[in-house]
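Hi,

Here is the structure I promised to pass on. My notes follow below it.

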Amino acid sequence: HVHVAVPDPELAVRALNGMRAHIPVLLALSANSPFTRGTDSGLASARTPVFQAFPRTGIPRAMESYADYVEAIDVLIRCGAIPEPTFIWWDVRLQPRFGTLEVRVMDAQTRIRDTAALAALVQCLVRLEALDEPDLSLAPEVIDENRFLAARDGIHAQLLDPGRDRCVPAAGRLATLVDACWPHARALGCERELALLAHL
């Protein structure tokens, strides 16, 4: 999990909404759990569908505001479904206690340099999405399908691109994101770590 401090709740919600579209790429890049009970599952990330068996997982809907986010969680608490907000296990969620946006979709890595690279990418993407107007044009069905493809095929996934009416390589989508992240990496002082993505 990567926590990124966001100084304002509305900016955090803006970043949350924007990050939804990037979840499949982050999963594809980090996919690192092909085995289940010692057997090759045929998936790049077997952890993803196993964890999906729990409630309140996956990609959240787009939120209209911080108040909308709070109400989405609070209704579950008021009705006794969950005792407190950390029982929401979405791939990306707010963590108001820490003032962070938490990205939880990635598989654990076996090398520190790979973990540092993923953390840098997440930091940069959160900053990018907090400062720009999020593109909410991707339908939830497209994001969910891309998440499945990323879990199945990892970085070799072909992700749906409705704007072009075809699939595009996850690696190409990643390259585009990294290009957009360089100014944010300079601002955050994590250029070296972002460059480590080449090893992944």
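First, is Trp 90 buried or exposed? Trp 90 has 13% relative accessibility, so Trp 90 counts as buried (under 20% relative accessible area is buried, over 50% exposed, and in between partly exposed, with a 1.4 Å probe and protein chains only).

Some ground rules: this is a predicted model, where local features need pLDDT of at least 70 and side-chain atom pairs count only at pLDDT 80 or more, while totals for chains, interfaces and linings use all residues. Residues are numbered from 1 along each chain as its sequence is written, and side-chain values use heavy atoms, leaving out hydrogens and water.

Now the rings. Five aromatic pairs turn up in a search of the whole structure (Phe, Tyr and Trp rings, the last by its six-membered ring, with centres within 6.5 Å; planes under 30 degrees apart are stacked, over 60 edge-to-face, the rest tilted). Phe 54 and Trp 89 are edge-to-face, because their centres are 6.2 Å apart and their planes at 75°. Phe 54 sits in the loop between α3 (47–52) and β4 (57–58) and Trp 89 in strand β5 (residues 89–90), so the pair ties together parts 35 residues apart in sequence (helices, H or I, of at least four residues and strands, E, of at least two are DSSP runs numbered from the N terminus). Phe 54 is partly exposed at 46%, and Trp 89 is partly exposed at 22%.

Trp 90 pairs edge-to-face with Tyr 69, at 6.0 Å centre to centre and 75° between the planes. Tyr 69 belongs to helix α4 (residues 66–78), 21 residues from Trp 90 in β5. Tyr 69 is buried too, at 5% relative accessibility.

Cheers
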